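Please consider the following model first as a whole and then through a few selected residues.

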Amino acid sequence: MCVSRFEHLHLLGEGAPPDATFFAFPQNDSEKSKQAKSTVLPVLRKKGPGKIQYAAAAVMRGSYDSAGIGGNIAGAVTSEQMNNLVSNLNMLEQVGEMNRIFTRSQKLNSEAIVDFVKALCKVSMEELRSTSDPRVFSLTKIVEIAHYNMNRIRLVWSSIWLVLSDFFVTIGCSENLSIAIFAMDSLRQLSMKFLEREELANYNFQNEFMKPFVIVMRKSSAVEIRELIIRCVSQMVLSRVNNVKSGWKSMFMVFTTAAYDDHKNIVLLAFEIIEKIIRDYFPYITETETTTFTDCVNCLIAFTNSRFNKDISLNAIAFLRFCATKLAEGDLGSSSKNKDNEFGKISPSSSNKGKDGRQDNGVLVDKDDHLYFWFPLLAGLSELSFDPRPEIRKSALQVLFETLRNHGHLFSLPLWERVFESVLFPIFDYVRHAIDPSGGESPGQGIVNDIDEHDQDAWLYETCTLALQLVVDLFVNFYNTVNPLLRKVLSLLVSFIKRPHQSLAGIGIAAFVRLMSNAGDLFSEEKWLDVVSSLKEAANATLPDFPFIVSADIMVGSNGHALNSQSNEASAGFDTSHGDSESSRAQRVYDLLSDAKCRAAVQLLLIQAVMEIYNMYRTHLSAKSIIILYEAMHDVASHAHRINNNTILRSKLQEFGPMTQLQDPPLLRLENESYQFCLTFLQNLILDRPPRYEEAEVESHLVDLCQEVLLFYIESARSGQASQASETSANGQTQWLIPLGSGKRRELAARAPLIVATLQAICCLGETLFEKNLPQFFPLISNLVSTEHGSTEVQLALSDMLSSSVGPVLLRSCLS
């Protein structure tokens, strides 16, 4: 403190203006406002000596590495004034001698120098905090001492810098902007000197040295300070790039912080510098520490989220592609192989929170091949698939899958498992768990309701569809490596099919068919069993049901009209508050009805997809796989028949009127097509006799299926006629059967092709099997003869059957 005061008097004697001239606070609110609103530093605009530089020169009397009491004496001081000062104070010599405290500080022992630095920082802090007369004398001496003591052993230097780091952070965040600028510029000078020295192996002093820049960048509210820090770091990189080692980490942290800045100019400036660094100096980034590659990637990912300029985001994505190419070209550096836990972990990106799948307790796979560096890059691109900007989503997906396609041959199976689990599958979490337009309760329903409907549709029909197709294609391209992941991919597709959303289910079904058409030839029997089991799971999970209508007498009794009138009243602006309870129940029924209709539509798509897959790979499928498909289709058909055969349900559905948009019976097409496919599976099994074919089992299934179909048809035809216990009443008079109505005739006509196919299947059983089962078939055939039909198709097929199959069997029986 004494030295500082003597120096102050000395400067006054020289005629230099006091520091307060340059570092005082603005005097009024208007000046404060003007200072706060300034976004570009005059000192940064002007390359030559400016106001701050003049102040520094006047106060410091030269650069911080001046070693004596000399320096340039201001010409404004006359010899008379100087003699007067000497004669009155007699302290010029003392000031010079006392200045040697700083130049000879390098001779202090390790404990003394740390105490000396602490004391000097305390004095400087008091000087700078003075509102009336702030001074930077001690601050300049701190820089000098740091310079003079850089050659101390690392342990001592670390202790010194621990004190100085806190000091520079405090001053750099000062409310006095001029002082904060001076402090950051002083730190820049010191850093430039420090970067001239080679960093020893296994040390991270550069990173520690530059941390004050990072902390001030994050804490400072002054845009001028943040801009100055970016320019300082830029100068250090561009002028000392050969010497930068561990300092890259702090530099990227500064630019990452800048990427999220609220001021556009800061973001643009930072990205401009990042572009130059990556274009011109990329080999230096990972020369010593390969983990700085992760810091670089995380920095670029931060810029992809820029809200100021779409071009910045697109360019950042392009640079991520560049980084992926560099990563795939070869080793990033050899030193990381000798690192221990320090380089055994990946620091998650600030923009990628929540992606815990990238690591297993911090232990990385394929470390020797450096493949673990892919995770931050790929996960960052994956998260951009949720970006609200269509161009960003499209570009990110393109680069993500292009990178995986081009460099996936470098990946081992464990790495691919991590990629699918942590990068690809999370893309679809949103639609798999949130969207539920049927009205059912869903954890993410509130989130979806907040999203613009147009944006949601755009995501569904563009991004989601494209991403799912790309995942399937990627799996096919690298099938030889990733085939153990088939179950997980199938599970993803089935999760789409299960969703009560027709568009999502359609996307999942289309992707399933795409996977089968491209990779089916590669599947083993075991893989095909996984495929057909997944199809069976999807079929059972999407069975439509209407129990709420059957059990809700009151709802259906009065709400058939409520459902029809509710939307009209709402659109007309009527007050429906008196019927809130009834309306809510009506809406609930409507939502459940919509869900059942959606499931019915999905099942139609699904069974058609099953048949398409079967037709493509009929010769590849084992008997066991085909039986599983048969069981899945039979479950669908049986369920649909139970719905169609429920007369109470059908009558109540009719009460709702045309708003249900369901035919009567509601699932007739689903029932017919499912049974038709079941027949096809069993008949082809008998014809093809694939591996593991068991004739007795298949023939038993076919006989039972034919009996089931014929019985259901006969029951359906008779349900349309007046039921009678007998043709003769109690008084002995004959009662006439009521002819079928037009609706029932249309239903039977729709069922006719299935009955014809069934009769033809019976005829193809073979003489032995047909004759064996004729006792079971004959009563059904007899009932068909006496049944009224909706078309002549059944009668013609029945006639052919009687003449070609039944007649010869009966004739042989008679002859025998």
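**From overall composition to single residues**

The secondary structure of this protein comprises 37 helices and zero strands. These elements are DSSP runs numbered from the N terminus, a helix being H or I over at least four residues and a strand being E over at least two. The model is predicted, so that local features need pLDDT of at least 70 and side-chain atom pairs count only at pLDDT 80 or more, while totals for chains, interfaces and linings use all residues. Residues are numbered from 1 along each chain as its sequence is written, and side-chain values use heavy atoms, with hydrogens and water left out.

Of the 816 residues in the protein, 52% are buried. Here buried denotes under 20% relative accessible area, exposed over 50%, and partly exposed in between, with a 1.4 Å probe and protein chains only. The accessible surface of the protein amounts to about 37600 Å², and carbon and sulfur atoms contribute 51% of that surface. Such areas come from the Shrake-Rupley method with a 1.4 Å probe; for residues, only the protein chains shown count as cover. Among contacts in the protein with a separation of 6 or more, 77% are between residues 24 or more positions apart, where contact means heavy atoms within 4.5 Å.

Helix α11, spanning residues 177–195, contains Arg-188. Is this arginine, Arg-188, buried or exposed? Arg-188 is buried because its relative accessible area is 16%. When neighbours within four places in sequence are set aside, Arg-188 is in contact with Phe-213, Cys-232 and Gln-235.

Attention now turns to the loop between α33 (668–688) and α34 (695–718), where Arg-689 is found. Arg-689 has a phi near 50 degrees, a positive value in a residue other than glycine. With a relative accessible area of 44%, Arg-689 is classed as partly exposed. Arg-692 also lies in the loop between α33 and α34. Its phi is positive, at about 65 degrees, although Arg-692 is not a glycine. Arg-692 counts as exposed because its relative accessibility is 58%.

Pro-779 is partly exposed, since its relative accessible area is 44%. Which separation relates the C-alpha atoms of Pro-779 and Leu-711? These C-alpha atoms are separated by 9.9 Å, although Pro-779 and Leu-711 are 68 residues apart along the chain.
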